[in-house]
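Student: I would like to learn how to read a model like this one. Could you take me through a few features?

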Amino acid sequence: MKLKPGSRLFAILLSGLLQSPDVAHAGDLVAPDRIGRLDAPKSFSFRVLTVHSNNNAQPKFAARMAALYEKYAHTHPDWRVNIQLMSLQIPQEHARLLEQARSGTAPDCSAVDSFEVPLFIRAGVLQPIDQYFTKEEIDDLFPFIRPIVSDAEGHIYAWWWTTDLRLLYRNMALVPDPPRTWQETKQAAMAAKRAAGPGLEGFLFNGGRNETTTVDFLPQFWAQGGKLVDERGTPVFGQEPNKTYLLNAIAFYRDLIQSGASPARVASISNYDDLTAASISGSAAMMVNGDWAMSQMRAAMKPETFAKWAVSMLPGPTADQRSTASGGWTFASFSKDPVKVKACMDLVREVYMGPATEVLERLPTRQSEFNSLPMFRTDFYLQIKQYLKLGQARPGLPIYTEISNRLQIAISEALAGTRTPEAAVDEAVDQVAKAAARYQ
Amino acid sequence: MTSAVKQGPRHQRSGGGRRGWRFDLDRHPVWWLFPLALLLTAFYLYPVLEVVRTSFTDATLLNSAYSYTLASYRSVLADSALPQIWLATVIFVAGSVIGQTTLGLLIALTLEAGFRRRLPGVRTVQVVVLATWIIPGVASAIIWQLLLSEANFGFFNAMLGLFSLSPVPWLSDAKVAIWSATLANIWRGTALSMILLYAGLKTISPGLYEAAAVDGATALQAFRYITLPRLRPALLINAVIVSVFSLNTFELVMPLTGGGPGRSTEVLALAAYNAVFHDFNLAQGSVLAVLMLLLNLAFTAVYWLTSRGLR
């Protein structure tokens with residue numbers, strides 16, 4: 001039988017439609033844009049970072065997350081979770097989220113970067129979630145977490161499910177002992193350069209225009225006892241002794257560059273991948289990097305090369321003055337429907353609160369998870385657990401983003417030599433003071 | 001409208017329905033223009049007016065309440081960073097216009113000469129040059145990050161090393177970084193200039209060059225007295241388009257330098273982005289956007305006035 005042209009077109013379209021992923025796999029419980037059955041009676045929208053979902057670019061992580069989602073879908077057959085992906089353009093994504101929340105179009109359940117949570121609490125767009133977690137679970141969180149996700153009354157508005165930590169990575173073949181002080185760090189970097197010859201970079205860190213620079217820098221400031229804001233949330237980093245602490249930390253960075261311990265290019269480094277790449281290529285003796293770099297290095301290096309790398313606490317002005325910075329990701333609910341808020345928190349509890357940290361190899365936020373999850377029972381993670389107790393989060397105040405932006409400019413200007421450190425810090429203080437009114 | 005069509009004299013003469021519609025639209029062009037006007041109003045004019053309105057407020061993303069004020073203009077104009085932002089913008093835009101026009105013209109002339117002589121591979125060269133224009137700004141920035149990287153794997157410094165030359169701090173030196181960003185923008189935009197100028201070259205009658213050759217003119221004289229004067233309209237529109245594109249570019253600069261070191265590469269478009277997305281200051285971001293709009297309008301006015309003069 002010969003089909004008419006119109007019928008042939010219809011047949012082609014129909015067969016194409018039947019072969020499209022959603023129709024062909026209607027029985028599947030997990031798709032790139034969905035968890036649960038297509039015809040489930042209830043649904044909620046779920047915005048998640050691509051790397052924290054079944055859309056992760058690395059197949060092994062994507063498959064593991066899909067398995068977790070599938071398990072969730074089996075236990076919640078009535079729900080279809082509509083996945084929306086969030087990019088790593090953090091400021092842009094959160095500004096969009098804030099606007100959507102104001103206009104009532106924010107996703108029901110969404111990832112929020114931990115340091116942005118206070119902004120959303122202040123905007124009054126999040127729902128309290130205390131009732132979905134036990135007192136024991138909340139008390140089990142590392143100490144730096146609760147102040148960030150709580151309001152003045154102590155209600156929590158976001159579940160901080162994974163954290164991270166800045167560490168000092170060193171190639172033990174070049175730097176056998178972990179440097180504990182700024183001076184020891186400079187000397188170790190110089191010694192490594194002398195031993196390895198030209199082409200080796202002694203000590204690398206972020207110094208460009210990005211949040212990563214602030215996160216790497218703040219431990220140097222905190223280690224001296226520095227405070228960005230006071231108890232009332234007023235910026236005080238321009239007041240003494242905080243200003244001196246800031247200048248000391250900038251002087252440490254400048255000394256590293258001027259002595260050759262660090263290359264001038266740190267003023268243009270603004271992401272951890274550049275630092276990881278340098279370690280993998282064998283051109284760095286030491287670097288500041290997140291805990292996640294360890295698994296990236298393990299995957300990219302030969303086992304004997306990887307074995308030379310170790311981590312330690314970031315150095316401080318003295319061996320007793322040490323600090324480090326923790327960040328991480330939370331989930332919060334923007335829905336006003338209690339049923340959807342509960343559904344969101346069920347997903348968080350069953351997928352992200354523990355299981356996802358293990359399958360994605362990300363640090364958990366509860367101390368007990370280091371014992372209960374097999375992956376975190378290694379020496380490396382036990383070391384990390386101890387450091388996490390010393391970890392500090394960035395201030396839980398909306399004005400922090402403004403302070404961070406101005407500090408990035410000041411640090412970058414001081415490192416590039418376009419302003420003196422004093423002038424750069426004064427400018428940052430002035431600009432934050434001018435902006436403070438917006439945050440009141 | 002339908003009755004007017006039916007009663008129209010030309011319709012009666014032609015007797016066809018389709019002719020009638022055309023007749024009606026000929027007489028009442030507003031119906032032609034209405035959908036486009038609606039589209040332009042909804043998607044272009046309204047957002048522009050909204051930005052202008054927001055610039056006269058103290059609106060932020062942090063608070064839904066706002067009031068009308070000139071304080072945002074005062075704050076932006078008094079900002080000590082503004083001169084540096086202007087300087088970076090002028091270098092970036094002027095450098096891009098000069099660089100893209102010069103390179104675009106050279107490539108267009110080469111291609112034109114190649115086509116005239118029927119040389120092999122000319123079409124390939126054209127496609128290769130055009131490929132740079134197809135690459136999105138963010139991807140271009142990543143490519144240039146690798147090229148300009150000051151790490152051991154940086155391409156340009158590795159090339160300099162082959163000739164025993166010292167490495168250049170392409171992105172970490174405030175004085176060099178803005179030129180590096182401009183270079184990346186020139187690389188990306190040269191194809192556009194090449195297309196515009198090549199089209200301009202095609203409009204020049206070959207007879208003029210033949211006459212010049214008969215008169216004994218050298219290639220340089222032919223370029224000076226025939227090509228350049230005849231190419232003026234194309235050069236002008238190229239300069240305006242490149243200026244507007246470069247002024248609005250931030251997707252290339254942001255991933256490449258983030259505006260740093262310090263604020264050395266923070267062009268106007270990036271400053272507007274930072275004001276809104278880092279500082280959550282909608283009003284100040286809008287003021288910067290209005291400044292960009294005024295500059296774009298000025299470029300367009302220059303083009304309009306000059307092209308009238310040329311006619």
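Tutor: Gladly; we will go from backbone details to domains and then to the chain contact. Keep in mind that this is a predicted model.

Student: Which residues does the cis peptide bond in chain A join?

Tutor: Glu240(A) and Pro241(A), with omega about 5°. Pro241(A) sits in the loop that runs between helix H9 (211-222) and helix H10 (242-259) of chain A.

Student: And where in chain B is the peptide bond cis?

Tutor: Look at the step from Gly260(B) to Pro261(B), where omega is near 0°. Pro261(B) is again a loop residue, placed between helix H13 (253-257) and helix H14 (268-277) of chain B.

Student: Now for phi. What is the phi of Arg118(B)?

Tutor: Arg118(B) has a phi near 55°, a positive value in a residue that is not glycine. You will find Arg118(B) in the loop between helix H6 (82-116) and helix H7 (122-134) of chain B.

Student: Is Arg118(B) buried or exposed, and why?

Tutor: Count the neighbours: Arg118(B) counts as exposed because it has 7 C-beta neighbours inside 10 Å, and the cut-off for exposed is 12 or fewer.

Student: What about Phe280(B), buried or exposed?

Tutor: Phe280(B) also has a positive phi, about 55°, without being a glycine. The loop that holds Phe280(B) lies between H14 and helix H15 (282-310) of chain B. Here 25 other C-beta atoms lie within 10 Å, so Phe280(B) is buried; the cut-off for that is 20 or more.

Student: How many residues of each domain of chain A are in contact?

Tutor: Domain 1 of chain A brings 14 residues and domain 2 of chain A brings 12. On the domain 1 side, helix H16 (379-388) and strand S12 (391-393) of chain A are the elements that give two or more residues. H16(A) gives the most, with 4 residues. By class, that domain 1 side has 8 nonpolar, 4 polar and 2 charged residues.

Student: And how is chain B divided?

Tutor: Chain B has domain 1 (2-55) and domain 2 (79-310), with C-alpha centres 38 Å apart. Their contact takes 5 residues from domain 1 of chain B and 7 from domain 2 of chain B. The domain 1 side holds 3 nonpolar and 2 polar residues, and no charged ones.

Student: Last, the two chains. How do I describe an interface?

Tutor: The size of an interface is often given as the accessible area lost when the parts come together. Here we can go by residues in contact: 35 from chain A and 28 from chain B.

Student: Which element gives the largest share of the chain A side?

Tutor: H17(A) does, with 8 residues. The elements of chain A giving two or more residues are helix H4 (90-102), helix H17 (400-416) and helix H18 (421-436). The chain A side divides into 14 nonpolar, 12 polar and 9 charged residues.

Terms used: Residues numbered from 1 in each chain as written. Chains lettered and ligands numbered in written order. Predicted model: local features only at pLDDT ≥ 70, side-chain atom pairs only at ≥ 80, totals over all residues. Contact = placed C-beta atoms within 7 Å. Nonpolar A, V, L, I, M, F, W, Y, C, P; charged D, E, K, R; others polar. Domains from an automatic or database assignment.
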